[in-house]
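Subject: Structure for you to look at

Hi,

Here is the structure I promised to pass on.

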Amino acid sequence: MAATGGCVAFSTLLLSCKLTPSPSSGNLRPNQSRRRFAVSSESQFTATVRNETKRTTSFGENGIFKEKNKGEVREGVSEEKPKNPYGLERERNESEEDTSRKSLEDYFEESKDLIGSGGGGGPPRWFSPLDCGSRLDNSPLLLYLPGQSVRIDGVGLGLIMHHQSLGKIFDIWCLHIPVKDRTSFTGHFLSHSFSNLVKLVEQTVRSENFHSPNRPIYLVGESLGACLALAVAARNPDIDLSLILANPGTSFEKSQLQPLIPLLEILPVQYQLSLSYMLSSMTGDPLRMAMDKVMKGPPLQQAAEGLSKDVVAMSSYVRVLANILPKETLLWKLKMLKSASAFANSRLHAVKAQTLLLTSGRDQLLPSEDEGKRLRHALPKCEIRRFNNNGHYIFLEDGVDLVTVIKGASFYRRGKCHDYVFDYIPPTPSEFRNIRESNRLLMRATSPVMLSTLKDGMIVKGLAGIPSEGPVLFIGYHMLLGFELVPLVTTLLMERNILMRGIAHPMMFMRKKEGNLPELSSFDTYRIMGAAPVSGNNLYKLLSSKAHVLLYPGGLREACHRKGEQYKLIWPEQSEFVRMAARFGAKIVPFGVVGEDDFGEVVFDYDDQMKIPFLKDFIKELSEEADTVRTGLNSEVNQDIHSPVVLPKFPGRFYYYFGKPIETEGRMCELRDKDNAHELYIQVKSEVEKCLAFLQEKRESDPFRNILARLAYQSTHGFDSEVPTFEL
């Protein structure tokens with residue numbers, strides 16, 4: 001989105017509010033009107049009102065994004081049936097990039113414009129980017145605190161590649177620290193200062209918390225900004241803060257930047273340009289970021305054009321450093337970072353805020369990997385996400401989407417606590433495409449066959465028999481190690497635009513203690529696709545919101561079954577879900593899936609492992625790390641966390657069969673009776689068993705059950721072609 005009229009120098013910046021001192025306290029707080037203003041360079045930063053259509057973002061019953069223009073009424077025009085955005089995403093060329101996402105070149109150009117038109121002077125201040133579009137109701141405030149190392153990131157544009165996506169779910173304010181500003185970090189270093197950075201952020205946080213006490217405030221900081229976020233959190237433990245820290249500068253004392261301070265103090269002025277080149281090459285990130293585009297595999301001409309633009313941007317970057325970072329400025333930045341690091345480290349014990357650490361494996365400026373491990377243990381409510389192939393400036397690198405990271409970590413909330421149902425944000429079409437691409441081999445190896453049942457009982461190929469309107473409760477058999485989940489969830493979303501919300505084991509979301517279980521980041525994809533921890537409360541919320549819910553009564557016990565138990569339903573005796581479904585009139589869809597015995601065979605199961613003392617102890621330790629499910633039920637259903645040893649086989653094919661939906665609407669009074677509820681429970685279980693038996697019988701007549709037959713077919717019809725199966 002571009003500004004118009006006299007907004008030249010600040011064409012991409014928008015003041016989120018006009019900050020004025022509070023008469024009573026002196027704190028900076030926004031005007032009550034909260035009108036948005038664009039800054040104009042032609043009238044010495046006078047404010048002009050930006051006219052825009054008010055828009056809100058909402059969710060449909062399936063959890064899919066819908067945008068509405070308030071006050072827009074079109075009479076006499078029939079609305080077209082909306083197309084499935086996830087299906088359309090499949091049609092996009094793999095090399096086609098999202099043109100709405102800004103680039104590294106945009107970052108340099110807008111930084112130069114901002115600095116060259118007066119933005120290099122004055123006190124630190126907040127702005128909100130113009131390209132942040134409509135957002136969800138009651139969106140939390142996000143304050144971006146830029147770094148201050150050896151680049152121009154203090155201008156506040158470090159999230160430029162993420163403005164549009166972040167703007168849909170946050171109210172974004174970015175801190176602009178002018179290049180010529182000499183504001184100290186704590187007020188005790190550098191005599192000339194207009195204000196105090198910590199107090200500036202702190203006053204804003206306190207003011208916003210006063211006006212919206214039930215709304216969390218996010219502090220996103222990188223490098224020095226991360227130190228600033230930690231300092232504010234330590235000084236305000238009673239305010240609801242969530243910290244996102246990227247490569248925090250708390251490791252400054254252990255970095256290669258530390259020796260630069262005495263070097264800069266004795267460096268002659270004539271070496272200023274060489275120093276800029278040295279610092280630019282030391283990062284190593286810009287060239288790697290440019291080459292990443294070539295490695296993604298677009299056409300050669302397109303890759304060459306993209307690389308050419310990025311090389312020009314790199315050259316511009318060096319010139320900007322040479323022009324705006326004289327020796328004095330660089331020295332001040334490094335001393336600021338040193339002071340910030342010491343200040344934050346001395347107060348880590350006082351930080352109580354929820355924290356998400358983002359660390360880079362190729363950070364050449366700071367030892368971020370080791371620092372992430374240290375902070376993870378030093379901070380009480382801390383999670384970490386590692387980016388092994390990224391450099392220091394992680395927010396300016398392709399392939400990193402901050403919103404996707406936040407969603408994957410279940411770190412987004414609009415209230416005091418994260419709600420896995422009402423705070424959930426569905427995957428965007430591009431996120432869904434990335435998930436599909438990462439599972440392309442599995443999809444091709446399994447070549448799933450989908451069958452469903454219409455209302456009249458007719459079995460058809462495809463998913464036409466799945467009810468479009470919720471609430472719908474899918475009840476089925478959990479295949480060995482859950483291999484059926486990816487084809488099931490992705491195909492339903494792509495073909496029917498139905499997002500299936502899975503009820504999952506608590507170990508995917510939380511830990512009672514650290515140990516040998518896979519890191520929580522291993523389950524980020526499941527959370528992005530809508531998984532929620534198993535609980536009656538979450539099932540209640542999902543069904544009340546008319547969602548399509550996936551529930552496996554057999555749970556972990558079925559997914560980690562013993563030898564010879566394939567396709568055996570291992571369900572609890574109680575009718576756990578029936579009365580809940582009847583309460584909301586949900587349709588129960590029984591289904592079965594077969595094919596695991598064509599992919600692998602369990603050769604070393606739970607019973608075998610428990611006979612070996614050290615493995616028995618290891619399994620007990622794993623189970624103690626996560627919450628227990630179904631406490632008090634019979635041992636046949638309960639299952640310790642472990643992984644059976646599976647002998648791979650030559651790949652076969654997956655077959656899914658959805659039975660006829662069972663109506664519960666209008667039966668709530670009937671199903672309150674335990675006997676009636678149990679009878680329906682047994683009926684659902686019987687239907688699932690029939691689905692399994694049907695598929696095991698029919699697959700014997702599938703000429704393309706073997707992967708070699710499918711490959712031969714696709715070699716002549718195209719590898720994206722649908723492979724035929726048995727006749728119904």
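Let's begin with a charge and a ring: Arg 501 has its charged end over the ring of Tyr 424, 4.0 Å from the ring's centre. You can find a second case at Phe 343, where the charged end of Arg 347 sits over the ring, 3.7 Å from its centre. Keep in mind that this is a predicted model.

Now for the overall picture. The protein chain has 728 residues, and 55% of them count as buried. Its secondary structure is made up of 24 helices and 24 strands. If you take the contacts with a separation of 6 or more, 79% of them are between residues 24 or more positions apart. The accessible surface comes to about 32,400 Å², and carbon and sulfur atoms account for 52% of that.

Next, the aromatic rings. A pair of aromatic rings is described by how far apart the centres are and by the angle between the planes. There are 17 aromatic pairs here. Take Phe 170 and Tyr 218: their ring centres are 4.9 Å apart and their planes are at 70 degrees, so this pair is edge-to-face. Phe 170 is in the loop between helix H3 (163-166) and strand E10 (171-176), while Tyr 218 is in strand E11 (residues 217-223), so the pair ties together parts that are 48 residues apart in sequence. Are these two buried or exposed? Phe 170 is buried, with a relative accessible area of 1%, and Tyr 218 is buried too, at 0%.

Another pair worth a look is Phe 577 with Tyr 681, which is tilted, with 5.5 Å from centre to centre and 50 degrees between the planes. Phe 577 lies in the loop between helix H18 (555-559) and helix H19 (578-583), and Tyr 681 lies in helix H23 (residues 674-698), so here the parts tied together are 104 residues apart in sequence. Phe 577 counts as buried at 1% relative accessibility, and Tyr 681 is buried with a relative accessible area of 2%.

Back to Phe 170 and Tyr 218 for a moment: ring pairs link them with Phe 411 and Tyr 412 into a cluster.

Phe 577 turns up again in the largest nonpolar core. Which of the 68 residues in that core touch the most other members? They are Phe 474, Phe 577 and Phe 658. H23 gives this core its largest share, eight residues. Phe 658 is in contact with a list of residues beyond its neighbours within four places in sequence, including Met 450, Leu 463, Phe 474, Val 589 and Phe 591. Apart from this core lies another, of 49 residues, among them Leu 175, Ile 177, Leu 366 and Ile 384.

Helix H5 (residues 224-235) has twelve residues, which should span 16 Å at 1.5 Å a residue; its end C-alpha atoms are 17 Å apart, which agrees. Eleven of the twelve residues of H5 are buried, including Leu 224, Cys 227 and Val 232. Helix H4 (residues 197-211) has 15 residues and reaches 22 Å from its first C-alpha to its last, close to the 21 Å expected. The buried residues of H4 include Leu 197 and Val 198, and also Glu 202, Glu 208 and Asn 209.

Cheers

Definitions and conventions:
Residues numbered from 1 in each chain as written. Predicted model: local features only at pLDDT ≥ 70, side-chain atom pairs only at ≥ 80, totals over all residues. Heavy atoms only, no water. Helix = DSSP H or I, 4+ residues; strand = E, 2+ residues; numbered from the N terminus. Buried < 20%, exposed > 50% of the residue type's maximum accessible area, 1.4 Å probe, protein only. Contact = heavy atoms within 4.5 Å. Areas by Shrake-Rupley, 256 points an atom, 1.4 Å probe, with all protein chains shown as cover. Expected span 1.5 Å × (residues − 1). Phe/Tyr/Trp six-rings, centres within 6.5 Å; stacked < 30°, edge-to-face > 60°. Lys NZ or Arg CZ within 6 Å of the ring centre and 35° of its normal. Core = buried A, V, L, I, M, F, W, Y, C linked by side-chain atoms within 4.5 Å.
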